[in-house]
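Let's take a walk through this protein, one piece at a time. Keep the 3D view open as you read.

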Amino acid sequence: MSVSSYQANLRTAVRGFYNGTLSQGQFTDAMESSIRRGLTRAWIEGAKVCGVKQDELSEEELDALQSAIESEFGYIGDFAAGIEESEKLAALYSRLSMWVNRYTDIQNRAKVMACADKKLTWIYGDTVRHCKDCSGYNSKVYRGSSWESAGAMPQSSRLSCKGFRCRCRLEVTDKSLNRGKPKPPTG
């Protein structure tokens with residue numbers, strides 16, 4: 001599964017509930033299933049970048065993944081209410097983009113945990129304008145544990161952009177570390 005298949009699965013659930021082929025219960029089940037599969041795949045992909053295989057995930061990593069999945073589950077009811085009230089499917093798909101963005105967020109969280117002692121560099125995403133935090137972090141190199149302790153993570157609600165449309169990412173690098181630690185986000 002990739003971010004595009006994750007998006008397709010979520011869109012199918014939204015479209016099905018919107019057009020009445022899925023009941024609210026079926027919509028909830030479809031969303032939960034897609035979220036669980038998709039975010040688990042994202043975590044595995046993120047950890048793999050650091051050489052950590054699925055069967056090597058620590059209890060801490062599995063707990064963090066489960067917590068992220070359960071957090072997403074908490075928004076399904078409000079989203080279902082929004083679908084029932086919406087007149088336009090395009091507006092729902094726009095709202096869905098925030099859900100899809102969690103895929104990359106989860107990959108980054110996994111990288112930070114799995115690569116705690118590896119060097120990670122902040123890479124701009126393909127958005128046109130970048131927030132103050134992302135601009136300050138771009139091309140900086142710190143250990144994964146430093147990024148995590150500062151709370152500086154792409155797609156984070158703590159960023160000045162609030163992470164909604166953030167496409168930045170962390171990548172393993174062999175570049176030299178920056179001195180000190182990253183500043184906490186300003187958002």
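## Helix α2

First, a word you'll need: a residue counts as buried when its relative accessible area is under 20%. Also keep in mind that this is a predicted model.

Now look at helix α2, residues 24-48. Its buried residues include Phe27, Met31, Ile35, Leu39 and Trp43. What hides them? Among the elements covering the buried residues of α2 are α1 (3-18), α3 (59-73), α4 (76-85) and α5 (89-114).

At 1.5 Å a residue, the 25 residues of α2 should span 36 Å, and the end C-alpha atoms are 36 Å apart, so the two agree.

In soluble globular proteins, nonpolar side chains tend to be buried together. Here, the largest nonpolar core has 49 residues, and Phe27, Ile35 and Phe79 touch the most other members. The top contributor is α5, with 11 residues.

Zoom in on Phe79. Beyond its neighbours within four places in sequence, Phe79 is in contact with Val14, Phe27, Met31, Leu92, Arg95, Leu96 and Trp99.

Strand β1 (residues 119-123) is joined to β2 by 3 bridges, and Lys119 has Arg143 in β2 as its bridge partner.

Conventions. Residues numbered from 1 in each chain as written. Predicted model: local features only at pLDDT ≥ 70, side-chain atom pairs only at ≥ 80, totals over all residues. Heavy atoms only, no water. Helix = DSSP H or I, 4+ residues; strand = E, 2+ residues; numbered from the N terminus. Expected span 1.5 Å × (residues − 1). Buried < 20%, exposed > 50% of the residue type's maximum accessible area, 1.4 Å probe, protein only. Contact = heavy atoms within 4.5 Å. Pairing = 2+ DSSP bridges. Core = buried A, V, L, I, M, F, W, Y, C linked by side-chain atoms within 4.5 Å.
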